[in-house]
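Please read the following report alongside the sequence and the model.

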There are 4 protein chains.
Amino acid sequence: MPPRFKKAEAEEMHSQTRQLLLDAASEYFSKLGYEKANVDRISKAAGFAKGTVYNYFTSKRDLMLELIDSIAASHFEFIANSVRQEEDPVRRLQRFFEAGFEWISANLAQGRVMLTTLNGPDLDFKERLQQGYAPMFQLVASEILAPGAESGAFRQVDLMPTAGLIMTIYLGFGATVDEQGRPPLPPEQISDFVLHALHV
Amino acid sequence: MPPRFKKAEAEEMHSQTRQLLLDAASEYFSKLGYEKANVDRISKAAGFAKGTVYNYFTSKRDLMLELIDSIAASHFEFIANSVRQEEDPVRRLQRFFEAGFEWISANLAQGRVMLTTLNGPDLDFKERLQQGYAPMFQLVASEILAPGAESGAFRQVDLMPTAGLIMTIYLGFGATVDEQGRPPLPPEQISDFVLHALHV
Amino acid sequence: MPPRFKKAEAEEMHSQTRQLLLDAASEYFSKLGYEKANVDRISKAAGFAKGTVYNYFTSKRDLMLELIDSIAASHFEFIANSVRQEEDPVRRLQRFFEAGFEWISANLAQGRVMLTTLNGPDLDFKERLQQGYAPMFQLVASEILAPGAESGAFRQVDLMPTAGLIMTIYLGFGATVDEQGRPPLPPEQISDFVLHALHV
Amino acid sequence: MPPRFKKAEAEEMHSQTRQLLLDAASEYFSKLGYEKANVDRISKAAGFAKGTVYNYFTSKRDLMLELIDSIAASHFEFIANSVRQEEDPVRRLQRFFEAGFEWISANLAQGRVMLTTLNGPDLDFKERLQQGYAPMFQLVASEILAPGAESGAFRQVDLMPTAGLIMTIYLGFGATVDEQGRPPLPPEQISDFVLHALHV
DNA sequence: TATGAATGAGAGTTCATTCAT
DNA sequence: AATGAATGAACTCTCATTCAT
């Protein structure tokens, strides 16, 4: 089936070009911010000419939105995989922070895009990001806090606000990592701090 | 002494125009971010023509830097005044969060400028902001945590990292306030959470 | 080889657009001077939108510098070609003035740009122009005066200062041409005057 | 007569302020050219506030025009005084160049304004300057060349074109003086050159 | 007379986007 | 699918000029 084969190949190429553009976008959006980053340079950095971006994304704005989606998905997947390998809620919370900072240090540019977007002035971007991060929020509430409260490992707390607090702490520290992606406090101490606060 | 009087009047006017421009800048920088905010509209919003900004600030960038200084000073002064009215370290910590969120809800635009700048891509702005916030950092470390650790109210912790953690939590929640400036958790619960974590 | 052909075509277009812009720049810089000439109008006069200039030159300043280079090269080439067709130093000197004024009257705008730049306040422009005109200076010194002095056609003079004097006279009269490019004295009389001065 | 006295004093002050402004204008127009020179800085350099310029001149353009007049008058007066101290046409010609370069080196800024204006793109300025320099042109024609031709010291030449040629040479060299106002050739050599050309 | 705050027209420059190739 | 020349809106900044004091 040569045509099929060819089509698959073409799709692969398509998807690869797309990914190269997203990666370059990550780099520039993180370094310069959305406004100062420039489509020409992103495209060039990915190895293409300016116009190519518009064969894959309808606009610079669309490029950013799709990048946000892709970052949120990758970030969530990595943390969820790690957290779900544990059963114990306390260990799960520790894993959450460990895996979280591990992802950040392995994906510095994406991490910065996420954090600047979260605190940035563009409400469309912010909303899209929050949609993307809803699963992570859920993970903390229903797969870490809920079982922990049920098992008596944590004191009784309101699930959603406390999940929010934990996300806030995670993201707060995520925003303060150094150039190698290390937080100012080791992840263990951060989870210790939170565990202290959740302790019965 | 009419000339003296006149001079004072002139200086008053000068300083007032300057303040009007800083306020308008606050508004626009917070709503649109530094890049999209536009000098013409800022000046018009303050009641002046476009060129007037350049009689008071050397550039848009300078306007932003001076705004950062002014925000940091006002923010610190408000919190320090409130914190220092208490003697007890536990009450001081509570006051820190109370006053902090009170300032934010009374200065929403400034608060947003501060938070977007802190997480934004512009390193000059970030550095200037960090210089401006150094006193607040000091306040937490040496006027809240140190006496608390000494009096036995808090467990022994490393001062600076813990001050950083508290600032991170404060700013993290500061970034999540709603349109009326209310944090998702009441300040008491946030300080409770931290106090739990600091408890002996 | 269609791609080759296409490439050559593209380069041709590129170079043509560039030349149109340089020509329009000549026109405006000569009529209004560098400061009052305006990029928008230059671009429009060349048949393009304002932004197009910046696809070919990095700035208005760069446009001017490249125009200076192009003028100096064209001016020198024309004069050198004419001078070198003669062997006799006296005839060469006459040709120098004849060809010089011929070039000026055929390139009025470029001539005016050259002369205003030479006497203008911008030192960068001036320096660039002097670099561009160094070959013409050389031509006078080593291909006209030196052989003339050697053959006894001219009296013994210091080569470089005298070359400077001749250039000064040429440019001085170049600056006084009328709207059709005619100098106030016919070129023959000018070279006569100089020949009188150089006569043994 | 106190009122009279006062009035004279006031006029003196007026005239002095005016002169200070003209001097500062000279400085800035020569250094930066008319377009880039800026009224505020000229006024400040003269020791006044921006607005003061407009109490003495109707516009920046008017300031320039009056400066041109003042330069031409001073330049002519200096040269004419020197030339007229001689009787011999040959000596007069030598004096012309000597005094000319002496004036230039003692009035560098004014000299540069004159020369850039002469070759600059602004036709109003140029015309005003030519009006101002008409007397000097006359001086050369009727007080140097005419008596020289009559007495047989010079060969028969057309007066006005030759006066133009001499002015062109003078101004051409004037445009090439170094930072101390010295021409590339000593004035004696320049007048020698011209005398050679005029010799019977 | 001297001042300098305010003005706003006008400039150079950037860059997202289009589209013919 | 990939290109990159062309576009023009939008932006920051400068500065001659006015005018109330």
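## Chain A as a whole

Of the 200 residues in chain A, 50% are buried, where buried means under 20% relative accessible area, exposed means over 50%, and partly exposed covers what lies in between, all with a 1.4 Å probe and protein chains only. This is a predicted model, in which local features need pLDDT of at least 70 and side-chain atom pairs count only at pLDDT 80 or more, while totals for chains, interfaces and linings use all residues. Residues are numbered from 1 along each chain as its sequence is written, chains are lettered from A and ligands numbered from 1 in the order in which they are written, and side-chain values use heavy atoms, with hydrogens and water left out.

Chain A has nine helices and zero strands, the elements being DSSP runs numbered from the N terminus (helices are H or I with at least four residues, strands are E with at least two). Along the principal axes, the C-alpha atoms of chain A fill a box of roughly 60 × 45 × 30 Å. Among the contacts in chain A with a separation of 6 or more, 68% are between residues 24 or more positions apart, a contact being heavy atoms within 4.5 Å. The accessible surface of chain A is about 9,800 Å², and carbon and sulfur atoms hold 53% of that area; such areas come from the Shrake-Rupley method with a 1.4 Å probe, and for residues only the protein chains shown count as cover.

Chain A carries 20 positive and 26 negative charges, whose mean positions are 8 Å apart. In this count Lys and Arg are positive and Asp and Glu negative, with His and the chain ends not counted, and each charge is placed at NZ of Lys, CZ of Arg, CG of Asp or CD of Glu.

On the surface, E98(A), E102(A), E188(A) and D192(A) gather in a patch of negative charge. Patches are made of residues with over 30% relative accessible area and no salt bridge, like charges being joined within 9 Å and nonpolar side chains (Val, Leu, Ile, Met, Phe, Trp, Tyr) within 5 Å. Helices α5 (89-106) and α9 (187-198) of chain A each supply at least two residues of the negative patch. One of the members, E102(A), is found in helix α5 and counts as partly exposed because its relative accessibility is 48%.

## Salt bridges

Over all chains the count comes to 36 salt bridges, each defined as a side-chain nitrogen of Lys or Arg within 4 Å of a carboxyl oxygen of Asp or Glu. In chain A, the side chains of D124(A) and R61(A) form one of them, at 3.4 Å from N to O. Since D124(A) lies in helix α7 (residues 123-151) and R61(A) in helix α4 (residues 60-83), the pair ties together parts of chain A that are 63 residues apart in sequence. D124(A) is partly exposed at a relative accessible area of 45%, and R61(A) is partly exposed at 29%. A network of salt bridges links R61(A) and D124(A) with D122(A).

In chain D, the closest N and O atoms of the salt bridge between D124(D) and R61(D) are 3.4 Å apart. This pair links helix α7 (residues 123-151) and helix α4 (residues 60-83) of chain D, its two residues being 63 residues apart.

## A buried arginine without a salt bridge

R92(A) lies in helix α5 of chain A. R92(A) is buried yet has no salt bridge, and the nearest side chain of opposite charge, that of E143(A), is 4.0 Å away. Leaving out residues up to four places away in sequence, R92(A) touches V83(A), R84(A), E86(A), E87(A), E143(A) and I144(A).

T52(C) has its place in the loop between α2 (39-45) and α3 (53-56) of chain C, and counts as buried because its relative accessibility is 16%. Apart from its neighbours within four places in sequence, T52(C) is in contact with T17(C), L21(C) and S43(C). Q130(C), in helix α7 (residues 123-151) of chain C, counts as partly exposed at 47% relative accessibility.

Chain B does not touch chain C, their nearest C-alpha atoms being 21 Å apart, and chain B does not touch chain D, with nearest C-alpha atoms 13 Å apart.
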